Amino acid sequence: MAFDTTYRMLIGGALEAGSATFDVINPATETVLAQAPDATPADLDRAVAAARAAFPGWAATPIAERKAALSALANAIWANADDFKRLLTLEQGKPHAEAGGEVMGAGYWLQANTALDLPETVNEDSDDRFSVTRHIPLGVVGAIAPWNFPLILAMFKVAPALLAGNTMVLKPSPFTPLTTLKFGELAKDILPPGVLNVISGGDALGPWMTSHPGFDKISFTGSTATGRRVMASAAPTLKRVTLELGGNDAAIVLPDVDVEKIAETLFWAAFTNNGQICIATKRMYIHKDIYEPLRDAIVAYARTVKVGDGSEQGTQIGPINNRPQYERVLGLIEDARDKGYTFLLGGEKADVPGYFVPITILDNPPEDSRIVQEEQFGPVLPLIKFEDLDDVIARTNATDYGLGGSVWSKDEEKAWDLAQKIQSGTVWVNETQHLSPLAAFGGVKQSGVGVEGGLEGLLEYTNAQTLVRRKKPAFAD
Ligand code: NAD
């Protein structure tokens, strides 16, 4: 059975249409795809109150039962994978194959988290004293997700928060609320009322959440600019924050790679999901000895890639997700054109409906150009020539971002050494964008605060509490 086309919020275990709605646009056609509920401040208050009421019961639920609930949520996603996939393509733009990967991955993230446990550390167990540090849930978490991977990035938050015993109010991006709302519908029949609340709304809803005194933590994924606002807004009530923010990942390609074999892999390092990945390669430094042949091989491969509506068979790259981002990317292209940089491919606007930007590759623009310095988050890649390893590391690190990065070489040891000089939360050698639910992932510098994934990610949803017992105190004799 296909998903029905009504979209409702989940508040306190009940599905609600909301008192108003907003339009959700299909980015491949620029037509209205559906209406989503537009939450009011009163709706938010009720969602927070429901989460707070559910918190003591959920925190006291044995962790094995909380794990069983995560498994049931994973199974519910998998059982509806085809519907989720189609809906994700319609609201996000990504091709069906990639949408299917995100949906399966979202279920996997929930399931994989069930392998984690909350550790207890015995600090002292002497004749005098027993001291243990344990990890207790924080309370109510506000989760705010972006539009590039709406479903799986929401699960990055849902899985550890609920596993640790917290309750949650989850808000998708206004550009991609639909798959998250459908997930909420499924969760209604799996979780106790109020444990997970899903609300959608316009631009005001995020700030209402971050300033709401009823949240103990805000877990945010989005741009660095918004991350700063979230942190400021969380300060008055000292909410905990996890901020997963933007990046400007460099790929460093050493001269010993096999140019013909690696071109396709390097292309997708930058252009998967139309470049709309926080850990996409956003600037590619290629050693001068192979610069021309590798450049030509990447461009030759790029010419074979099919851009179009993600719902159509054979599409490999879809549209940009939304108009503001589309205009931002076009602005960067225009800047490069105005400055007279060389375009190897693209550079013009696609004259079709939908937020389509042709694959655009630039030939060695200056290091201080906007396209090298800024996060493009779209299908525009600067290829940059380098000669000296120290110099390329210095250029890689000369940024406020520090999310990911990669080194490519036949000499794994040399690449491994180089990888350790990159100042970012994750560095890959001879692959990129591999994330695991069991490994910490986060940004250094202004790419983030805290991590998601692994035990480190789980513990961000807890307070450390140390319990100390004096054994046989003298006054008790
Ligand atoms: P965004 O910052 O515009 O929005 C993210 C979310 O925050 C949305 O739900 C939005 O409605 C909400 N929001 C907007 N203003 C807010 C405010 N003042 N207070 C609270 N919430 C607010 O980001 P985006 O455009 O949706 O996503 C793209 C960005 O996200 C890119 O910079 C990308 O690198 C980054 N990103 C980072 C990661 C990561 O894990 N580090 C993953 C994916 C995307």
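Here is a short chat about the ligand site in a predicted model.

Guide: Residues are numbered from 1 along each chain as its sequence is written. Local features here need pLDDT of at least 70 and side-chain atom pairs pLDDT 80 or more, while totals for chains, interfaces and linings use all residues, and side-chain values use heavy atoms, with hydrogens and water left out.

Visitor: What about Gly222 and Leu245?

Guide: For Gly222, a polar backbone atom is 3.1 Å from an oxygen of the ligand. For Leu245, a backbone N or O lies 2.8 Å from a ligand nitrogen.

Visitor: How many shell residues are nonpolar, and what makes them so?

Guide: The shell has 15 nonpolar, 9 polar and 4 charged residues. Ala, Val, Leu, Ile, Met, Phe, Trp, Tyr, Cys and Pro count as nonpolar, Asp, Glu, Lys and Arg as charged, and the others, Gly among them, as polar. Therefore Ala145, one of the closest residues, goes down as nonpolar, and Glu375 as charged.

Note on methods. Near = heavy atom within 4 Å. Polar contact = N/O pair within 3.5 Å; in protein donor to acceptor, adjacent residues only side chain to side chain.
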